[in-house]
Amino acid sequence: MDQNKRPESMERITTPELAEAFISEQVKAVQEQVGNKKVLLALSGGVDSSVVAALLIKAIGKQIVCVHVNHGLMRKGESETVIEVFQNQLDANLIYVDATDRFLDLLAGVSDPESKRKIIGAEFIKVFDEEAAKLDGISFLAQGTIYPDILESIKQAEGKKAVKSHHNVGGLPEEMEMQLVEPIKLLFKDEVRVVGEALGLPHAMVYRQPFPGPGLGVRCLGAITRDRLHALREADAILREEFDNCGLAEKVWQYFIAVPDIKSVGVKDESRYEGWPAIIRAVNTKDAMTATIEEIPYAVLHKITDRITSEVEGINRVLFDLTPKPTGTIEWE
Ligand code: XMP
């Protein structure tokens with residue numbers, strides 16, 4: 001049987017009961033596969049790696065070593081949530097690496113989007129590799145591969161052309177000779193979420209909107225600077241808070257702020273105030289291949305604009321991106 005093919009008889013996991021059954025089955029399978037050996041996992045805090053972490057903690061406890069690399073391009077509060085949930089609540093064996101300076105130093109002056117992606121992807125593997133080398137007796141590598149990833153790699157192997165390199169930063173270092181543990185590789189995203197809830201992960205983590213591997217790196221447009229990245233992170237947090245407050249967070253597929261490397265003249269406290277614009281993007285899609293724009297009520301847009309321009313240092317305008325995909329892509333880079 002092809003281990004990477006979902007059997008037609010496999011029931012779709014739609015209820016907590018079905019999720020519990022899947023969890024028990026996988027707990028057993030992981031215990032059998034791993035024995036008393038140790039497993040390593042790159043834990044980004046996204047739904048897939050978080051569900052794998054929680055599942056493996058349930059199956060093998062401290063034998064799973066989770067490494068969370070903060071590349072300095074996370075959204076506000078994300079790394080803190082990973083620490084709170086996995087270290088404090090689930091008592092995981094968690095290694096937290098703050099590699100912000102390494103990433104931002106390497107990215108300084110680099111404006112080409114694909115070069116930025118490559119630098120972030122390669123540096124992530126390097127940091128992760130270094131952490132793995134410090135550990136003794138790791139025999140397995142766990143990954144949050146899900147079924148669409150498998151289907152996507154089949155398409156790529158058939159030579160379909162991609163618009164962007166889109167690699168996720170959780171990539172497997174090729175030279176690592178470890179066996180893989182991929183407990184959710186036959187699941188679709190909606191099933192992963194049902195399993196995540198059954199494992200007791202916080203709702204916000206399980207229903208987190210897709211976040212690109214290179215993180216805010218592809219939203220701080222052009223060459224990243226620390227001050228503009230900081231402004232982007234703060235503005236993005238305000239957008240998320242306001243979307244949460246008015247129910248849009250549950251409704252919109254992906255929403256975020258992008259901040260380009262241009263300044264315009266504005267006025268603040270009766271003085272000239274040069275600042276960057278914050279661009280709001282809020283899109284709906286089924287498969288991320290095409291996307292439509294969410295119609296945000298003007299009152300919400302006004303509130304977000306008022307808050308961002310008054311609370312975020314360096315931003316003096318807020319724009320709303322009305323472009324569907326195509327001709328835009330979802331991200332700006
Ligand atoms: P685009 O911008 O191509 O994005 O319309 C489609 C979806 O993919 C996400 N995206 C990425 N995800 N690594 C990722 O893991 C990347 O380099 C990357 N670039 C875009 C994007 O957020 C959207 O959900």
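## Contacts in a predicted model

Student: Which residues around the ligand are the closest?

Tutor: Arg-117, Lys-164, Lys-325, Ile-330 and Glu-331, out of 15 residues that surround it.

Student: Let's turn to the domains. Where do they run?

Tutor: The domain assignment puts domain 1 at 16-206 and domain 2 at 219-320. For the contact, domain 1 supplies 14 residues and domain 2 supplies 13. The C-alpha centres of the two domains are 28 Å apart.

Student: How much area is buried between domain 1 and domain 2?

Tutor: About 1,200 Å², with 49% of that coming from carbon and sulfur atoms. That figure is the accessible area the two parts lose on being put together, summed over both.

Student: Why is the pair of Arg-226 and Asp-101 called a salt bridge?

Tutor: The N to O distance between their side chains is 3.0 Å, and the rule asks for an Arg or Lys nitrogen within 4 Å of an Asp or Glu carboxyl oxygen, so the pair qualifies. Between domain 1 and domain 2 the count is 3 salt bridges. The interface also has 8 residue pairs in polar contact, both partners at pLDDT 80 or more.

Student: Which helix gives the most to the side of domain 1 that touches domain 2?

Tutor: Helix H4 (residues 100-107), with 4 residues. By class, that side of domain 1 holds 5 nonpolar, 4 polar and 5 charged residues.

Student: How many salt bridges does the rule count altogether?

Tutor: The count comes to 25. Asp-190 and Arg-12 form one of them, with their closest N and O atoms 3.0 Å apart, so within the 4 Å limit.

Student: What makes the pair of Asp-190 and Arg-12 a tie between parts of the sequence?

Tutor: Asp-190 sits in helix H7 (residues 189-198), while Arg-12 is in the segment before helix H1 (16-34), so the pair ties together parts that are 178 residues apart in sequence.

Key: Residues numbered from 1 in each chain as written. Predicted model: local features only at pLDDT ≥ 70, side-chain atom pairs only at ≥ 80, totals over all residues. Heavy atoms only, no water. Domains from an automatic or database assignment. Contact = heavy atoms within 4.5 Å. Buried area = accessible area lost by both parts, 1.4 Å probe. Polar contact = N/O pair within 3.5 Å; in protein donor to acceptor, adjacent residues only side chain to side chain. Helix = DSSP H or I, 4+ residues; strand = E, 2+ residues; numbered from the N terminus. Nonpolar A, V, L, I, M, F, W, Y, C, P; charged D, E, K, R; others polar. Near = heavy atom within 4 Å.
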